[in-house]
Amino acid sequence: MQDAKCKLWLIGLMGLFLMPAMILATPTTKLVITDPVNGRVLEVGTDGAVIKVIDTFNNSSSLSHPTEAVPLVNGNILIADKLNNRIVEVNVSKQVKREWTGYINPIDVRKCVWYDGANPNGTDTLLVVEEGMPGTVSERGYWDNFPYWSCDLNSPHEAEKRPGSGTPTYLVATSSGVSVIEDQTSIWNYPVEAYDAEWLPCGNILIAEYNQVIEVDNAGIVKKTWNGYDLGLNSIREATLIEGNKILVAGGFYQSPYNYGKVVEAEFKENGTLTGWS
């Protein structure tokens with residue numbers, strides 16, 4: 001196993017942590033980044049310029065410690081508005097199109113599909129992580145809030161659902177490990193404090209720990225490692241695959257007397273050297 005080689009891609013705006021939700025594929029490729037401490041969601045171009053700031057809405061409400069923002073195919077953005085105990089869907093004009101309440105400290109959200117035979121195309125749902133000890137991961141109807149599935153876990157941070165109409169299968173990152181869950185049963189576990197995890201196209205799992213990012217196969221063998229200190233980060237909160245061996249990593253670094261947020265592009269090169277720092 002070789003260490004990763006990486007480069008600084010973008011220094012984010014001030015905040016305790018900045019967490020990239022994903023790369024949004026548009027004619028001008030950009031990032032959607034949550035800035036919890038400053039109560040806003042940012043659209044940022046690959047040149048580092050802020051394109052849009054989402055913090056207040058047309059109904060005069062505002063975000064309070066947003067922790068996840070997910071672009072949708074219709075151009076809207078789903079936001080986990082943690083301290084307002086809600087999920088909101090907003091459009092490009094900052095209008096609240098839908099709002100889901102009744103959650104307690106929601107910190108992660110995904111739009112998914114539930115297949116049960118009633119609708120051959122499936123039913124739109126929201127997969128939401130609520131912070132706590134225990135916390136809850138639940139999948140509810142997008143239109144009617146119907147409870148399709150839920151599971152209580154110790155300090156869950158992030159969850160995603162495997163696409164397709166087979167047995168509902170979830171990947172959940174928690175303070176005690178990364179688990180693959182079917183129904184209420186964990187069928188795979190990697191015991192590490194994890195803040196983020198995602199399935200890769202090859203079938204491996206990308207895991208963001210506190211001070212490193214690793215790629216793990218189904219046997220629990222670490223295939224690649226991106227060290228946080230090499231990335232210039234002393235706390236990692238999210239990692240996502242861009243393409244090939246390139247990932248985006250978001251987290252914090254300490255520069256007295258404050259913590260700042262940083263987004264780094266890291267490329268795994270087995271025989272390369274550390275280059276490209278700016």
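# Close-up views of an all-strand model

View 1. At 56% relative accessibility, Cys-202 counts as exposed; here exposed means over 50% relative accessible area, buried under 20%, and partly exposed in between, using a 1.4 Å probe and protein chains only. This is a predicted model, in which local features need pLDDT of at least 70 and side-chain atom pairs count only at pLDDT 80 or more, while totals for chains, interfaces and linings use all residues. Residues are numbered from 1 along each chain as its sequence is written, and side-chain values use heavy atoms, with hydrogens and water left out. Cys-112 is buried, with 12% relative accessibility. Searching the whole structure gives zero disulfides (a disulfide being a pair of cysteine sulfur atoms within 2.5 Å).

**View 2. The protein as a whole.** Welcome to a fold with 24 strands and zero helices. Both kinds of element are DSSP runs numbered from the N terminus: helices are H or I over at least four residues, strands are E over at least two. Of the 278 residues, 51% count as buried. The accessible surface comes to about 12500 Å², and carbon and sulfur atoms own 48% of that surface; areas come from the Shrake-Rupley method with a 1.4 Å probe, and for residues only the protein chains shown count as cover. Among contacts between residues at least 6 apart in sequence, 40% join residues at least 24 apart, where contact means heavy atoms within 4.5 Å.

View 3. The strands follow the order 10-11-12-13, with antiparallel pairing; two strands pair if DSSP finds at least two bridges between them. Strand 10 (106-114) and strand 13 (147-153) are the edges, each pairing on one side only. On average, neighbouring strands of this sheet are turned by 15 degrees against each other, direction ignored. That angle is taken between axes fitted as lines to C-alpha atoms (for helices, over the stretch in contact), on a scale from 0 to 180 degrees between N-to-C directions. Inside the sheet, strand 11 (residues 123-130) and strand 12 (residues 135-141) run antiparallel and are joined by six bridges. Leu-127 stands opposite Glu-139 of strand 12.

**View 4. Glu-139 and its partner Lys-161.** Glu-139 also makes a salt bridge with Lys-161, with the closest N and O atoms 2.9 Å apart. This pair links distant parts of the chain, since Glu-139 sits in strand 12 and Lys-161 in strand 14 (residues 156-161), 22 residues apart. Are these two residues buried or exposed? Both Glu-139 and Lys-161 are buried.

View 5. Arg-86 and Glu-99 meet through their side chains at 3.1 Å, N to O. Because Arg-86 lies in strand 8 (residues 86-90) and Glu-99 in strand 9 (residues 96-101), the pair ties together parts that are 13 residues apart in sequence. Arg-86 is buried at 5% relative accessible area, whereas Glu-99 is partly exposed at 41%. Elsewhere, the side chains of Arg-40 and Asp-35 form a salt bridge of 2.8 Å, N to O; Asp-35 is buried, with 0% relative accessibility. A network of salt bridges links Glu-68, Asp-108, Arg-110 and Glu-158.

**View 6. A serine in a loop.** Ser-155 belongs to the loop between strand 13 and strand 14. Its relative accessibility of 12% counts as buried. Not counting residues up to four places away in sequence, Ser-155 touches Gly-132, Met-133, Gly-135, Ala-173, Thr-174 and Ser-175.

View 7. One of the pairings sets Asp-196 against its bridge partner Ala-208 in strand 19. Strand 18 (residues 194-199) is mostly covered, six of its six residues being buried. The hairpin has five residues between the strands, and Gly-203 takes a positive phi near 100 degrees.

**View 8. Ile-205 and its surroundings.** This residue is found in strand 19 (residues 205-209), and Ile-205 is buried at 2% relative accessibility. Which residues is Ile-205 in contact with, leaving aside its neighbours within four places in sequence? The list runs Leu-171, Val-180, Trp-188, Ala-197, Glu-198, Trp-199, Ile-214, Glu-215 and Val-216.

Terms used:
Salt bridge = Lys/Arg side-chain N within 4 Å of Asp/Glu carboxyl O.
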